[in-house]
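I opened a new model today and want a record of what I looked up. Whole chain comes before detail.

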Amino acid sequence: MVLVLLAGAGGVAPQAARAEQPLRWGADASADVPYTFHDPNDQSRLTGFEYDLMQSLGEHLGKSLQFVQNDWDGLIPGLQRGLYEMVICGIEITPEHAEGIDFSVPYYVTSERIVVRRNGPALSTLEALDGHVIGTMKATQAERILANHPQAQVRTYDEETNVFMDLVNGRTDAVLIDGPIAQYYGATNPDLQVVGEPIGTVSYGIAFAKGKNAALREQVNTALTAMKKDGSLHRILVRWNLWTPQTAAWAEDASTPAIEPTSWNDYVAALHGSSGWHAKVARYASFLPLLAKGAVLTLLVSLCAMVLAVGLGLTLALLRLYGPAPLATLSSLYVEIVRGTPLLIQILLIFYGLPQCGLNLTPFVAGVLALGLNYAAYEAENYRAGLQSVARGQMEAALALNMTHVQALRYVVVPQAFRLVMPVMTNDFISLLKDSSLVSVITLTELTQTYIRLSSTYFDYFGTGLMVGGAYLLLGLPFVRLARMAEKKLSQPHIRRR
């Protein structure tokens, strides 16, 4: 409760302090090439054509901008929650999207492209996709286009890398996806190729919370228009090799500035520059600081959540067994409700739902609270089973020794029950450690989010996955050892000496 109150108080900033803060913009940089992503040559540095666009936009606005990382599914809820003032992440301007958010004027226009395997079926038109398994991103214009081709079997994905990995591995026959993604994921892979003519028109816009920040949206529109006229947008797109005839027609700009696609060349060089086991070992070694940072956050969230789960779980179990009838009923109701709803829903409800009730928690506190409250329900049942396993005569003997009911519970019953449930507690902590990966949906970059980011950047799921799996294993082993030592210590009076 102290954490909640502190976080709630910290969520309200003075108006003067807010005025001095930079404009915040949200994006998912974990796997979002070529929009906003971490530089393969330097994981601490952000890059991408949208990232460069936002830097130029800040200069045109005369304001400093601050990047805020969020998971793709949490970008719009975070916008409505007030985590940032705008979102730029390749969001398509469509009537469906416009019902929930406000858009700026378009900052880029592209089309859908078909990507196939070089040794696969020759599918270069929409009609040719009928009868085949086609992959695409969920909730995109490409998915809506494929919906008009019922004979095509469509598979939708959350991450671009998964779309193309399934294509490479033969799980799908083709991919229909936005032009920039097709170029950076398809054209850079020697096993794939972009085929056919551009399909349709896709417009990207900067998103704002519905009905809010109208003045800022107008300023952004003015700045984007100025960037089109003064060539700033043209130069950015040329550097990323994203200036196309379709883009030129939209921008009404037929000029050809003498600019090399340096950003595109750097990305391709970083992706294919070095090979061999020496290069891989060096790359994996460069991952260690990022994995260590993610491991520290994972461990901190898990420990704080487990402390909350143990304390609240024991309280719930005692109330259910020994408390007055109303509290026992409320305890049972809490356990059933929490166990009957998914942990992910609880995390999203606490982080995105509570602000609507006036309680604005930080991501860390929200993650700890959600994990702790969830696991408290399971711990309560474990402790209830442990308390009921203690012989009734133990309580009667304690009362006969002139102990109060509370003293009997504290000094006799609970310690014995704790010894019985120690192995189960250890197992629950290991489970909580792994379930902490779910807090990545509320902007916390722990081990799992770090894995997604690294594997999608280098298309290396195997080696990076082994490293992250090893990190989880190393985090859990010391606590398993400590639990065994504590269990052995507590069970000494019950072990026959030899």
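These entries go from the overall chain to one strand and its partners.

**Entry 1, the whole chain.** I noted that the model is predicted. I counted 20 helices and 12 strands in the protein chain. I then boxed the C-alpha atoms along the principal axes and got roughly 95 × 55 × 45 Å. The chain has 498 residues, and 48% of them count as buried.

The accessible surface is about 24,100 Å². Carbon and sulfur atoms hold 59% of that surface. I also looked up the charges: 37 are positive and 42 negative, and their mean positions lie 14 Å apart.

Why is strand 8 largely enclosed by the rest of the structure? I checked residues 133–137, and five of the five are buried, so the strand is largely enclosed. Next I looked at directions. Side chains in a regular strand alternate between the two faces of the sheet. Here Val133, Gly135 and Met137 point one way, while Ile134 and Thr136 point the other way. Both sets are buried.

I found five bridges between strand 8 and strand 9 (residues 153–157), paired in the parallel sense. Ile134 stands opposite Val154 there. I followed the chain from strand 8 through helix 6 (residues 141–147) to strand 9; this β-α-β crossover is right-handed. Strand 10 (residues 174–178) also runs parallel to strand 8, joined by two bridges. In strand 10, Ala174 stands opposite Ile134.

Methods: Residues numbered from 1 in each chain as written. Predicted model: local features only at pLDDT ≥ 70, side-chain atom pairs only at ≥ 80, totals over all residues. Heavy atoms only, no water. Helix = DSSP H or I, 4+ residues; strand = E, 2+ residues; numbered from the N terminus. Buried < 20%, exposed > 50% of the residue type's maximum accessible area, 1.4 Å probe, protein only. Areas by Shrake-Rupley, 256 points an atom, 1.4 Å probe, with all protein chains shown as cover. Lys, Arg positive; Asp, Glu negative; His and termini not counted. Charge placed at Lys NZ, Arg CZ, Asp CG, Glu CD. Pairing = 2+ DSSP bridges. Right-handed = clockwise from strand over helix to strand, strands pointing away.
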